[in-house]
Amino acid sequence: MRNEVTEMELWTRFKNGDKESFKEIYYEHYMFLYNYGIKTTSENNLVEDCLQDLFLKLWKNRENLGEVISIKAYLYRAYVRILFDALKKSKRVLDFNELDGETETSSIEENIIHNQSQTEFKTQINKALNQLSKRHRQVLQLHYLDGLAYKQIEEILPIKYQAIRNYVHEVLKVMRKKMVS
């Protein structure tokens, strides 16, 4: 991959029109961005269209782009803007219900009971999530669903490390309170 090439060198080569560097950036970050998009909306086509828009805009505007500290953070921010703009235009809403996968049960009765309790649980979670700010939901997504550490989130979002810790603490507090009541 790019053992001897730093991120800054890779970015500079890309900005200068090196197609191989562009491909490397694309292949290295595509799945991370795709997975984020799928966790945000189940609309595969929308997720893929927004990714194509992102990389197309990057290539077309490469000469005007500034330097970056983290390519991943830069791409994430740009992708989030494009995806949420597309979601606003299509009036789709972030649905955390779509994040849950199928589970196996041994009988129809158990399946019905399981589905009812899942529905009640999801309703409680959605009520709690709806009370969170957009930033709180982003931190929740990145930390718990994408499995990123606080330092990695700090690179992606324009938030300080301690503020991220505070957001996670606040989210847990709200979730506990809502789940108990």
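Trainee: How many helices and strands are in the protein?
Mentor: The protein has eight helices and zero strands, where helices (H or I, at least four residues) and strands (E, at least two) are DSSP runs numbered from the N terminus. This is a predicted model, in which local features need pLDDT of at least 70 and side-chain atom pairs count only at pLDDT 80 or more, while totals for chains, interfaces and linings use all residues. Residues are numbered from 1 along each chain as its sequence is written, and side-chain values use heavy atoms, with hydrogens and water left out.

Trainee: What share of the residues is buried?
Mentor: Buried residues account for 36% of the 181 residues, with buried meaning under 20% relative accessible area, exposed over 50%, and partly exposed in between (1.4 Å probe, protein chains only).

Trainee: Which residues touch the most other members of the largest nonpolar core?
Mentor: They are Leu33, Leu54, Phe55, Leu58, Tyr76 and Tyr79, in a core of 42 residues; a nonpolar core is a set of buried Ala, Val, Leu, Ile, Met, Phe, Trp, Tyr and Cys residues joined through side-chain atoms within 4.5 Å. Helix 4 gives the most to this core, with 12 residues.

Trainee: And what is Phe55 in contact with?
Mentor: If we leave aside neighbours within four places in sequence, Phe55 is in contact (heavy atoms within 4.5 Å) with Phe22, Ile25, Tyr26, Tyr30, Leu33 and Leu75.

Trainee: Let's move to Ile153: is Ile153 buried or exposed?
Mentor: Ile153, which is found in helix 7, counts as buried because its relative accessibility is 0%. Not counting residues up to four places away in sequence, Ile153 touches Val139, Leu142, His143, Leu148 and Ile164.

Trainee: New topic, then: how many salt bridges are there?
Mentor: The count comes to three, a salt bridge being a side-chain nitrogen of Lys or Arg within 4 Å of a carboxyl oxygen of Asp or Glu. One of them joins the side chains of Glu67 and Lys15, at 3.0 Å from N to O. This pair links distant parts of the chain, since Glu67 lies in the loop between helix 3 and helix 4 and Lys15 in helix 1, 52 residues apart.

Trainee: How exposed is Glu67?
Mentor: Glu67 is exposed, because its relative accessible area is 52%, whereas Lys15 counts as buried at 15% relative accessibility.

Trainee: Where do Glu154 and Lys151 lie?
Mentor: Both lie in helix 7, three residues apart, or about one turn of the helix, and they form a salt bridge with their closest N and O atoms 3.5 Å apart.
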